[in-house]
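Hello,

Here is the structure we spoke of handing over. My notes follow below it.

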Amino acid sequence: MQDKFVGNVGDFGKYGLLRALTSPPQPDGERELSLGIVWYMVGEDGTGATEKPGPTYRYLQKADAFRDCDQPLFDTLKQIVEGDRRKITSIHDSHVFPPDTVFYDARLTFDAVPADNRIARRQEW
């Protein structure tokens with residue numbers, strides 16, 4: 001996961017599925033499933049989140065085809081993308097997931113890790 005991809009059509013699909021699995025609450029106010037998200041955060045490639053969104057964001061211009069699937073999610077992702085706030089923290093702060101969602105967002109880096117030790121680094125992460 002890289003900040004510059006936040007809000008693309010893949011996110012809309014994944015987040016929509018996670019929202020459907022964890023909502024709505026049962027009559028007693030409890031949900032059957034709680035949610036923990038482990039972001040597989042990797043280094044940015046240098047182009048950054050300020051790069052103009054590409055084809056995977058065109059779904060945001062097709063509200064008639066996508067918005068009915070999950071209106072709050074669609075509207076939130078559209079605001080994040082159009083507001084140039086494509087960052088994982090924007091997803092955390094947006095409350096598109098249940099309030100008790102737990103996030104793990106430690107970045108996986110291979111700085112100063114020899115190529116033959118990368119598997120060990122992934123296991124450690």
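Leaving aside neighbours within four places in sequence, S90 is in contact with I80 and R85. Contact means heavy atoms within 4.5 Å.

Some ground rules. This is a predicted model, in which local features need pLDDT of at least 70, side-chain atom pairs count only at pLDDT 80 or more, and totals for chains, interfaces and linings use all residues. Residues are numbered from 1 along each chain as its sequence is written, and side-chain values use heavy atoms, with hydrogens and water left out.

**S90**

S90 sits in helix α4, residues 88-94. Helices (H or I, at least four residues) and strands (E, at least two) are DSSP runs, numbered from the N terminus. The relative accessible area of S90 is 10%, so S90 is buried. Buried means under 20% relative accessible area, exposed over 50%, and partly exposed in between (1.4 Å probe, protein chains only). A polar atom of the S90 side chain lies 2.5 Å from the backbone oxygen of R85.

**Overall**

The protein has 5 helices and 2 strands. Their order from the N terminus is α-β-α-α-α-β-α. The C-alpha trace spans about 50 × 40 × 20 Å along its principal axes. Of the 125 residues, 30% are buried. Take the contacts between residues at least 6 apart in sequence: 68% of them join residues at least 24 apart.

**Aromatic pairs**

The structure holds 9 aromatic pairs. Rings of Phe, Tyr and Trp (its six-membered ring) pair if their centres lie within 6.5 Å; planes under 30 degrees apart count as stacked, over 60 as edge-to-face and the rest as tilted.

Another pair is Y15 and F97: centres 5.3 Å apart, planes at 75 degrees, so edge-to-face. Y15 lies in helix α1 and F97 in the loop between α4 and β2 (102-104), so the pair ties together parts 82 residues apart in sequence. Y15 counts as buried at 3% relative accessibility, and F97 counts as buried at 5%.

F12, Y59, F66 and F74 form one aromatic cluster.

**L17**

L17 is also in helix α1, residues 9-22. L17 is exposed, with a relative accessible area of 52%. The C-alpha atoms of L17 and P72 are separated by 13 Å.

Best wishes

Note on methods
A polar contact is a pair of N or O atoms within 3.5 Å; within protein, one must be able to donate a hydrogen and the other to accept it, and residues adjacent in sequence count only if both atoms are side-chain atoms.
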